[in-house]
Amino acid sequence: MLLHDTGLIYGRYLRQSLRSRFALLFGVLMPLLYLLFFGPLLTGLPLATRGTGWQVLVPGLLLQLGLFGAAFAGFTIIMENGQGVVERMRVTPVSRLALLLGRVLRDATVFVFQAVLLVLAAVVMGLRAPLAGVLIGFAFVALLTVSLGSLSYALAFKVRTPQEFGPMVNALTMPSMLLSGLMLPMSLAPGWLDVLSHFVPFRYLVDAVRDAYVGSYLTWHMAYGVLVALGFAVLAVTVGTRVFRTAGA
């Protein structure tokens, strides 16, 4: 029943996304702008890391896509609350876990699709990376989306208006982006900033994907990244499910 219910919810929200093709493509616009205007600045710079500038920038942009996209996913819950959609779902026998999983799996599908478009554009601009590394990057995008999407939906049940939700998400995502080394490796940062960045879980995901993009799969960065990504996903889905149940969604 859980798989059946999850499939129903997933299909419902995926069809909504497919009907809004403009929004589907517009979501990848900001990472593409970074790719076009920021990527050439890294060419030939000493980045204190392995790989080319593209192999440093593109993994960060992939995770930036998941970070900002999934973190704001909770806006749909706020809108559905106002339209009575959540109230109608409340009286159905659908699993509360399925209500969450269907949503976050839809989000993961959308952001992985956008990540594919981003990587294709990067290849045209000069990115060269092993196929296995690229696929690993997509897997990390999916895990990050599931994690942050779950927490975003949970947070959306705790606030009443978009005016409350937006600033709260911004206050969490912006420091996370700056401290995780999405744009530039933290090896370039001062020692105190590098130490501080290790308290941000996204740092480990970025390092892992950058290793994958240079063909290094059996590294400590990869091990830490996988453990953090899986642990974060389990914790986030657990929290999200509990909130969905108590909120009567």
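This is a predicted model: local features need pLDDT of at least 70, side-chain atom pairs count only at pLDDT 80 or more; totals for chains, interfaces and linings use all residues.
Residues are numbered from 1 along each chain as its sequence is written, and side-chain values use heavy atoms, without hydrogens or water. Local features need pLDDT of at least 70, side-chain atom pairs count only at pLDDT 80 or more, and totals for chains, interfaces and linings use all residues.

**Exercise 1.** Find how helices α1 and α8 are oriented to each other.

*Solution.* Start with the helices, which are DSSP runs of H or I with at least four residues, numbered from the N terminus. They are α1 (residues 2-19) and α8 (residues 96-125), and their axes lie 8 Å apart at an angle of about 45 degrees. Axes here are lines fitted to C-alpha atoms over the stretch in contact, with angles from 0 to 180 degrees between N-to-C directions. Now classify: under 35 degrees is roughly parallel, over 145 roughly antiparallel, 65 to 115 roughly perpendicular, and the rest oblique. The pair is therefore oblique.

**Exercise 2.** Compare the reach of α8 with its expected span.

*Solution.* The expected span is 1.5 Å times one less than the number of residues. With 30 residues, α8 is expected to span 44 Å, and its first and last C-alpha atoms are 44 Å apart. Just after α8, G126 has a positive phi of about 130 degrees.

**Exercise 3.** Decide whether Q64 is buried or exposed.

*Solution.* First locate Q64: it sits in helix α5 (residues 53-71). Buried means under 20% relative accessible area, exposed over 50%, and partly exposed in between (1.4 Å probe, protein chains only). Q64 has 5% relative accessibility, so it counts as buried. Finally, look at contacts (heavy atoms within 4.5 Å). Beyond neighbours within four places in sequence, Q64 touches P31, Y34, G69, M177, L182 and M183.

Key:
Helices (H or I, at least four residues) and strands (E, at least two) are DSSP runs, numbered from the N terminus.
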